[in-house]
Structure formats: structure tokens, C-alpha cells
Amino acid sequence: RSMGGASVANGELELMVHRRTQADDSRGVAQPMNETMCGCRDQDPTQIGQCPCAGLTIRGSNFIVLDKIADAHATARRVSEEINFAPLVAFSKDTAKAQKSFSAVSADLPENVKLMTLGTTSPQYNDKVYLRLAHLFEAGEHPTLSQTVDVDLTKVFAGSLKIKTLTEVSLSGNRSPEELAAAKMVWPVAGEAKQMPKVAGCEAGTSCVEEMRPVGDDMVVSLRPMDIRTFQVEFE
């Protein structure tokens, strides 16, 4: 469930963990938001109280990072990954075949890079393996972690898994970058050049975002802030 939050005054933090109303508040749903614990929807404003149970209670956990702005961004990104993508623990009764230790990668990824996907989408059709890497930071969030970063896949996959071929595809995996660029629509926006943020060393009115570098035979992948790049890979 979505949650709202704001600092409406210095030294204060207000969180709306659940919105519950007994009349339409003109926020888009066109009905009261009066859910209950038993599933009965108390929505008729002329008969509020007809449900024989308490209003819906939503509970969750909130984490607050208190630090310098740049360091807080770094901590928030790291903690978010640890909470939302914690390791999946599995158990087996077959101790004879159990591997005590295994890793598909031979080197650590940079601190600002995430391995999002490594696997097939449809194993029954013997699909190729997809590798997806993401840059975790936005531009300007951190003095060093928001910079473009290079990932050498020959070092990351140098053990039991070694990449034989690497072909970049679109995020969904069904087009090449060239096909995607050719099909992309251009939307002129009035006043866009004036609204672009000022970046030191960049010409006014330009985005100053460096072009995405293609991956060569050295298999070094460059990731700009918030980039997600997808590849079809074949392992030896």
C-alpha cells in the first residue's frame, strides 16, 4: 500500500500510513475510502457504520537515515536493496549432493551496480540467458557513486561461468538498441531547453548526458546514472 510523507515544519516528519475517509475526498476513487478488517466495504455515506467490524489497520516498518545528504543517499540505496532483495534461503535433505559454497561471479560488482537478472525467461523453449545490470544512483545523488561506472564482465565471470558471446538487447529483450532507437518517438516540449538543470562545464540548454558507449570485444559495460542495460549471453 502506498504511503505519503512530508516535513511540513522544521524538525517534524509526518507519515500517512493509511488514508481512511467516510466521504469521497475528490482524490480520484469517486467513493469513500472506508475499508474494514473483515472485508466489508463501508462506502455508502448515508449508512456509515453498517459493517460489523473495525476499520482497516495497516502496519509496516519505516527506516530513517540521519546523515549528510550524500551519505544518506548512499545508505538509503544500500538499505533499500538489503530489505527488498534479501537472500532467499533454501534447504535440502540430500546432504550428499549439497554444495557448501558456490558463486556464479568471480569478482565483486562496483558498489553502485546491481545484478538485476541472470537467467532464462522460458527454460522450456531453451531460450538464451539474459543478463541485466543496473546503475543504482541518480545523477547528482553522490559525488562518486553517481558517476558513470565500467563493469568488466571478463573479471566478473571468470570462474565456472565464462561468457562466450554477448549481445545487447532492449530492456524487454526483443529488439536491438539500433531498432529501439529507430522506433523511438521524439516529443518536442515547449521551453524544455530553458528548464534543463544547470550542470558545471556544460552548455546551457543541453542535457550534458554522455552517449551510451557500445560494448566491444573487451566486454566492458558502461553504466550511466540510472541506466539499465540488458544482454543476451552465451556461456562456455
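## Strand β8 and its partners

Strands β6 (residues 163-169) and β8 run antiparallel and are joined by six bridges. Two strands count as paired if DSSP finds at least two bridges between them. Strands (E, at least two residues) and helices (H or I, at least four) are DSSP runs, numbered from the N terminus. Within this pairing, Thr 165 has Glu 234 of β8 as its bridge partner.

Strand β8 also pairs with β4 (residues 129-135), again in the antiparallel sense and over six bridges. Here Val 233 in β8 is the bridge partner of Val 129. Strand β8 itself spans residues 228-235 and is mostly covered, with six of its eight residues buried. Buried means under 20% relative accessible area, exposed means over 50%, and partly exposed lies in between (1.4 Å probe, protein chains only).

## About the model

This is a predicted model, in which local features need pLDDT of at least 70 and side-chain atom pairs count only at pLDDT 80 or more, while totals for chains, interfaces and linings use all residues. Residues are numbered from 1 along each chain as its sequence is written, and side-chain values use heavy atoms, with hydrogens and water left out.

## The disulfide

The structure holds one disulfide, a term for a pair of cysteine sulfur atoms within 2.5 Å. Cys 38 is joined to Cys 53, with an S to S distance of 2.0 Å. Both cysteines lie in the loop between β2 (14-16) and α1 (69-84), so the bond ties together parts that are 15 residues apart in sequence.

The torsion about the S-S bond is about -55°, so the disulfide is left-handed. Cys 38 is partly exposed, at 49% relative accessible area. Cys 53 is also partly exposed, at 24%.
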